[in-house]
Amino acid sequence: MKSRDLFVTPAPRWYSIPSGRPFLDDLARGLCEALGDDLPHALILTPTRRGARQMAHAFTDQCRAKALLLPQVRALGDLEEGEPPFDLEHLGLDLPPALSATRRRFELAKLIKAHYESDVPLNARTALELADSLAKFFDSLALEEVRAANRLDRLVHDPDLLHDGMAALAEHWQVSARFLAIAVDLWPKRLAELDRMDPSQRLVTLIHRLGDQWEKTPPTHPVIIAGTTGTTPATARLMGLASRFEQGAIVLPGLDLSLAEDVWAQVGDSHPQGAMKALLDRHRVSREVVHTWPVSIEADRARHARRRVLNEALRPAEATKDWRTQIAALKAGSETAIKDGLSGLTHIEGRNDEEAAAVIALLMREALETPGKTAALITPDITLSRRVTARLSRWGVRPDSSAGDALIHSPVGRFLHSLLDLIL
């Protein structure tokens with residue numbers, strides 16, 4: 001299949017860009033080839049604002065050969081991080097404004113402090129920490145769309161449970177159950193007094209209203225949702241709708257199309273492919289109808305081999321009994337498949353985080369001292385990245401962190417923190 005045939009295939013249209021390929025570059029190139037002069041009319045939805053900015057840069061790279069009018073690139077909103085979606089305010093004119101995250105934190109802290117006033121008085125720091133925990137609880141209920149109000153109400157107010165069942169619970173569970181009275185009784189009343197709406201609940205409501213609008217009047221322009229795995233029900237619903245539009249398509253990041261069907265059935269929620277499996281199951285889409293993004297088929301042999309080796313290494317534990325057969329299958333395609341897949345891959349074990357940071361910093365410095373080479377550190381451990389940054393700073397190297405820097409770790413932040421400590 002060629003890029004220009006993207007919207008010729010019957011709906012629903014699901015695609016995947018293999019891991020190891022430059023996702024945004026492949027996406028931009030494929031859309032340029034497929035849409036041509038219709039590209040400026042397209043709407044591309046990415047998971048986050050950062051992704052939307054990088055998507056615009058990818059299209060800019062396509063402009064080097066000729067002038068190009070860019071499509072609309074918008075962020076669905078990283079709901080788990082509280083990032084707002086693209087402009088949907090016209091769908092929420094009848095809704096109360098969202099309470100800001102900072103205001104919500106302090107309002108919850110006031111309710112918590114009052115709740116414990118007659119028992120054990122709390123200081124401001126403890127109240128704010130409990131407010132953060134309660135806010136995350138509200139967010140998780142809203143994003144997962146768990147209708148837990150009745151269950152919480154029963155836990156807090158049911159006389160039978162309070163007098164009989166509650167006594168059977170551990171003491172810390174009893175404290176937690178009483179603490180949830182704030183969520184059931186006090187918080188909804190406080191929101192009503194402020195004429196505000198919980199931010200996470202409002203985000204989900206707006207996304208669902210967009211889905212309702214799309215169901216009644218499907219867009220006639222191209223709509224592509226790319227890079228998201230649909231971990232929240234509201235986003236997953238939008239993806240199902242967009243996949244059936246006349247010019248709609250979903251582009252998944254790194255769906256494993258080579259995994260055996262019996263192994264795929266054993267993929268659980270904790271597996272790297274778990275979110276995409278749940279998404280496909282939700283819409284009753286089998287992997288057979290998910291196509292590889294045409295531009296990405298040009299991936300070189302080494303990257304394909306690396307991807308196959310890593311996919312096999314990430315098999316669910318229950319599906320590893322035939323690992324000898326799988327190794328033989330890899331070698332059947334190419335005698336050097338495993339060697340090619342592991343080429344350039346190095347495994348280093350550090351005795352502690354400090355040693356690991358030192359090794360990483362040395363490797364990055366070595367890369368920078370080699371003409372034409374660049375280096376990047378990808379890690380979910382923000383503490384490790386800070387250790388590496390500190391090591392590199394000794395050599396005058398200042399890496400650009402996509403996660404940003406916390407105020408407390410800046411010179412001004414450290415000064416203010418020390419000043420506050422002195423005052424206290």
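Student: Why is glutamate 312 called buried?

Tutor: Glutamate 312 has a relative accessible area of 15%, and buried means under 20%, with exposed over 50% and partly exposed in between, using a 1.4 Å probe and protein chains only, so glutamate 312 counts as buried. This is a predicted model, in which local features need pLDDT of at least 70, side-chain atom pairs count only at pLDDT 80 or more, and totals for chains, interfaces and linings use all residues. Residues are numbered from 1 along each chain as its sequence is written, and side-chain values use heavy atoms, with hydrogens and water left out.

Student: Where does glutamate 312 lie, and what does glutamate 312 touch?

Tutor: Glutamate 312 lies in helix H13, residues 301-313, where helices (H or I, at least four residues) and strands (E, at least two) are DSSP runs numbered from the N terminus. Leaving out residues up to four places away in sequence, glutamate 312 touches Gln326 and Leu330, contact meaning heavy atoms within 4.5 Å. Leucine 259 is 53 residues from glutamate 312 in sequence, and their C-alpha atoms are 7.9 Å apart in space.

Student: How do you know that the span of helix H8 agrees with its number of residues?

Tutor: The expected span is 1.5 Å times one less than the number of residues, so the 14 residues of H8 (181-194) should span 20 Å, and the end C-alpha atoms, 19 Å apart, agree with that. Helix H3 (101-115) passes the test as well, because its 15 residues should span 21 Å and its end C-alpha atoms are 21 Å apart.

Student: What bend does H8 have, and at which residue?

Tutor: H8 bends by about 35° at tryptophan 187, and proline 188 follows within four residues; the bend is the angle between axes fitted to the seven residues ending there and the seven starting there. Tryptophan 187 is also one of the buried residues of H8, which include Ile182, Val184 and Leu191. After H8 comes aspartate 195, whose phi is positive, near 55°.

Student: What makes a set of residues a nonpolar core?

Tutor: The set must consist of buried Ala, Val, Leu, Ile, Met, Phe, Trp, Tyr and Cys residues joined through side-chain atoms within 4.5 Å. The largest such core here has 36 residues, and those with the most contacts inside it are Trp14, Trp214, Ile225, Leu252 and Leu280. Helix H10 (233-243) is among the elements that supply at least two residues of this core, and H10 gives the most, with six residues. A second, separate core has 25 residues, including Ala28, Leu31, Val73 and Val295.

Student: How do you know that S4 and S5 pair?

Tutor: Two strands pair if DSSP finds at least two bridges between them, and S4 and S5 have four, in the parallel sense, so they meet the condition. In this pairing isoleucine 225 stands opposite isoleucine 250 in S5. Strands S2 and S4 also run parallel, joined by three bridges, and leucine 45 has isoleucine 225 as its bridge partner in S4.

Student: Why is the crossover from S4 to S5 called right-handed?

Tutor: The chain crosses from S4 through H10 to S5, a β-α-β crossover that is right-handed. The word applies if, with the strands pointing away from the viewer, the path from the first strand over the helix to the second runs clockwise.
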